[in-house]
Amino acid sequence: MTEQNNSTEAFPDIEIYVKRVELDAIRTWLSKHFEITNSKDTREGVVFDLKNPAKEAFQCVVAENVVKGGFASIWFKKNVTQWHTDRDCAIDAYAYFQLEVRCSTGGWEGEDEGGWFRFVDDDIKTVNWF
């Protein structure tokens with residue numbers, strides 16, 4: 001899984017979906033990259049208040065079982081992460097969790113062709129999810 005993104009412009013937010021992952025595992029993954037300053041249950045899901053290494057504060061919302069098949073959404077509301085795109089984040093998440101990860105093939109401002117990257121069994125495929 002060494003493919004890199006050719007885009008130089010960072011997405012404004014990042015969202016990935018991980019299949020059958022436990023919230024504690026997500027919390028541990030987040031803590032490897034960011035300082036977790038708080039977390040709270042909300043109607044959206046569990047909201048994590050984070051700080052990146054530069055001490056910029058932002059939020060990540062984790063909603064469990066949001067898509068059929070037991071997928072959890074992990075949404076960084078503001079992209080001040082080390083990842084430029086959803087795909088970059090998904091590559092990192094797949095390497096860590098070793099569970100199926102999906103993300104959009106493009107950004108939300110006209111770049112998305114409606115497809116999804118599916119990371120599974122050390123392979124990347126483009127699929128139509130919905």
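Reader: Why is Gln-98 called partly exposed?

Author: Its relative accessible area is 47%. Buried means under 20%, exposed means over 50%, and partly exposed is what lies in between, using a 1.4 Å probe and protein chains only. At 47%, Gln-98 falls in that middle band, so partly exposed it is. Before you go on: this is a predicted model, where local features need pLDDT of at least 70 and side-chain atom pairs count only at pLDDT 80 or more, while totals for chains, interfaces and linings use all residues. Residues are numbered from 1 along each chain as its sequence is written, and side-chain values use heavy atoms, with hydrogens and water left out.

Reader: Where is Gln-98, and what makes its backbone worth a remark?

Author: Gln-98 is in the loop between helix 2 and strand 6. Helices (H or I, at least four residues) and strands (E, at least two) are DSSP runs, numbered from the N terminus. Its phi is positive, about 55°, although Gln-98 is not a glycine. Most residues other than glycine have a negative phi. Asp-121, in the loop between strand 7 and strand 8, also has a positive phi, about 50°, and is not a glycine either. With 67% relative accessible area, Asp-121 counts as exposed.

Reader: What do you get by counting helices and strands, and in which order do they come?

Author: Two helices and eight strands. Along the sequence the pattern reads β-α-β-β-β-β-α-β-β-β.

Reader: How do you know which strands sit at the edges of the sheet?

Author: Two strands pair if DSSP finds at least two bridges between them. The eight strands form an open sheet in the order 2-3-4-5-1-6-7-8, with antiparallel pairing. Strand 2 and strand 8 (123-127) each pair on one side only, and that makes them the edge strands. Strand 2 pairs with strand 3 over six bridges, with Ile-36 opposite Leu-50.

Reader: What makes strand 1 and strand 6 count as a pair?

Author: Two bridges join them, and the rule asks for at least two. On the other pairing, six bridges join strand 1 to strand 5 (residues 71-76). Tyr-17 takes part in both: Ser-73 is opposite in strand 5, and Arg-102 is the bridge partner in strand 6.

Reader: Why is strand 1 described as largely enclosed?

Author: Five of its six residues (14-19) are buried, so the rest of the structure largely encloses strand 1.

Reader: How do you know the buried residues of helix 1 share a side?

Author: They are Leu-23, Ile-26, Trp-29, Leu-30 and His-33. The arc, taken from the directions from the helix axis to the C-beta atoms, is only 120° for them, which puts them on the same side of helix 1. An α-helix has 3.6 residues a turn, so residues three or four places apart point the same way. On the other side, Asp-24 and Lys-32 are exposed.

Reader: What makes something a nonpolar core, and which residues have the most contacts inside the largest one?

Author: A nonpolar core is a set of buried Ala, Val, Leu, Ile, Met, Phe, Trp, Tyr and Cys residues joined through side-chain atoms within 4.5 Å. The largest here has 31 residues, and Ile-16, Trp-29, Leu-30, Ile-74 and Phe-76 have the most contacts inside it. Helix 2 gives the most to this core, six residues. Another core, of five residues, lies apart from it and includes Tyr-17 and Trp-116. As for Leu-30, it touches Ile-36, Phe-48, Leu-50, Cys-60 and Phe-76, leaving out residues up to four places away in sequence; contact means heavy atoms within 4.5 Å.

Reader: How do you know that Cys-60 is in no disulfide?

Author: A disulfide is a pair of cysteine sulfur atoms within 2.5 Å. The nearest cysteine sulfur to that of Cys-60 belongs to Cys-89, 8.1 Å away, which is too far for a bond. By this rule the count is zero disulfides.

Reader: Buried or exposed: what are Cys-60 and Cys-89 called?

Author: Cys-60 has 0% relative accessibility, so it counts as buried. Cys-89 also comes out at 0% and counts as buried. Across the protein, buried residues make up 46% of the 130 residues.
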